[in-house]
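Subject: Structure handover

Hello,

Here is the structure you will be working with. My notes follow below it.

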Amino acid sequence: DEAINGTTTFKFTNQDAPLLPESGIWRCISAISETPTKLQTGKGLAGRGSATITMMDFTGQDPNPLSPAVLANPDIKNNGGFLARWDARNIFSNRKVRIKNYRVESDGTIDLDGGAEIRHYLCESFASSKGEKWQLKLKDQISVINEGDSVFPIPLEGFLLLDITDVQTNFTVDPNVTYLIGDVVRIGEELMKITNVNQIGTAGANITVATRGNDIVFTNTLSKTIKEEHSSGDEIFVCHVSDDAFIYDVIRDILLSLDVDIALMDYANWVIEINEWLLGIKINTIWVEAQDSADVLEQILTYYQLNLWFEPTQEGANTDGLIKISAINAWKESDISLTEGVEIDYLSVTKKQSEENYKKGELFIRDELETLAFYDEPKTKRFDATHLLDDISAELLVSRHVNRYIKPFMWSWTTQERMLNFAVGNIVDLETDGNVGADGLPTGTTRA
């Protein structure tokens, strides 16, 4: 009986939390666990962040105390648990969830007014677990890119209404798809560029294409093609064209096609980052079939040596976190220096060989190791064929691939939250006694 237009925010906190400067907070959270996003060796698309909030159900209260039904029958609040009724009345999938973490300072005080770190997620599910225990499972904002969940370009399910010959340039099409002048469409193996459209959206919808069998030309020649006859009912696939397209624009187009909110894209900083390390590099290709969107993004990120991840922490004017991009480059300057015993807990540093890095590192020559005494011939690395790279970007890929895997080690350490002054994607200098050479002496600062 309660109005459904508008937004209602529900607030929960730990069962033993101090008095907070906000009203309407329910004390029922027993545990929160978070798995942060993680940059992955050998991949551009980061592992997604997730979280689980465990709550204990309670009685005597109602999630909608001002609804007409509850006001007319106050005993409703005693019918079953609060969380059980909350679950029955709401759809939780993809609802926005904020986790506010308050830091306990070294003197024991807590800044309740402005000291919360806010992290943003989407709800994946809400379900009961073992009696009165309920769990709210969360995912990060770019979980739509998960493998197998979406494709790019999105098929529009267009089709021919009549048979066509291999020279016919005007033909009747379905009324469902909004075909546009300049679109490239694929029927079977043939590509065609639309030059005119007429009565789109009606039973008489028809399109005109350029001379059949000609190259597909925009700023550049993007593809050759064949010409062939086609039958009524054949699929008309509307391709996505990247014509002299900047890398950041192609990534944005892919995310927009997946309904990712443009406000989540740190687009201005994408432009700065990519222009600094990939200046002048553009993508010229036609995406001629639907592929897993995670695979498409992974191709772009891997071949251009970029990392993409979601940063859930609120920044400045942004209120829902940001999708970040960082170029992978050995010549980047460090963002910060971390010292063991200061930012890094003493004796918490571990260094181990990265099996993934060694798999890649063994594919190129290191002069100090790969002499004839060790190996009879240099090893080679073969990159898969791709429609994304030109000569310059291919040379950059080889150079940056080598530099990325030249030091196949992984470092881990513990940092106290109050000393946490770095984030995912930062380049840091590690000053630690654990970084020693073959002679046992410190080898100086290490970048990570």
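Six strands form an open sheet in the order β1-β2-β3-β6-β5-β4, with mixed pairing; strands are DSSP runs (E, at least two residues), numbered from the N terminus, and two of them pair if DSSP finds at least two bridges between them. The edge strands, β1 (11–14) and β4 (96–102), each pair on one side only.

This is a predicted model, in which local features need pLDDT of at least 70 and side-chain atom pairs pLDDT 80 or more, while totals for chains, interfaces and linings use all residues. Residues are numbered from 1 along each chain as its sequence is written, and side-chain values use heavy atoms, leaving out hydrogens and water.

Within the sheet, β2 (residues 25–35) and β3 (residues 50–56) run antiparallel and are joined by six bridges. Isoleucine 32 stands opposite isoleucine 53 in β3.

Aspartate 292 sits in strand β18 (residues 291–292). Is aspartate 292 buried or exposed? Aspartate 292 counts as buried because its relative accessibility is 16%; buried means under 20% relative accessible area and exposed over 50%, with partly exposed in between (1.4 Å probe, protein chains only). The side chain of aspartate 292 reaches the backbone nitrogen of alanine 294 at 2.8 Å. Isoleucine 145 is 147 residues from aspartate 292 in sequence, yet the C-alpha atoms are 8.7 Å apart in space.

Regards

Conventions. Helix = DSSP H or I, 4+ residues; strand = E, 2+ residues; numbered from the N terminus. Polar contact = N/O pair within 3.5 Å; in protein donor to acceptor, adjacent residues only side chain to side chain.
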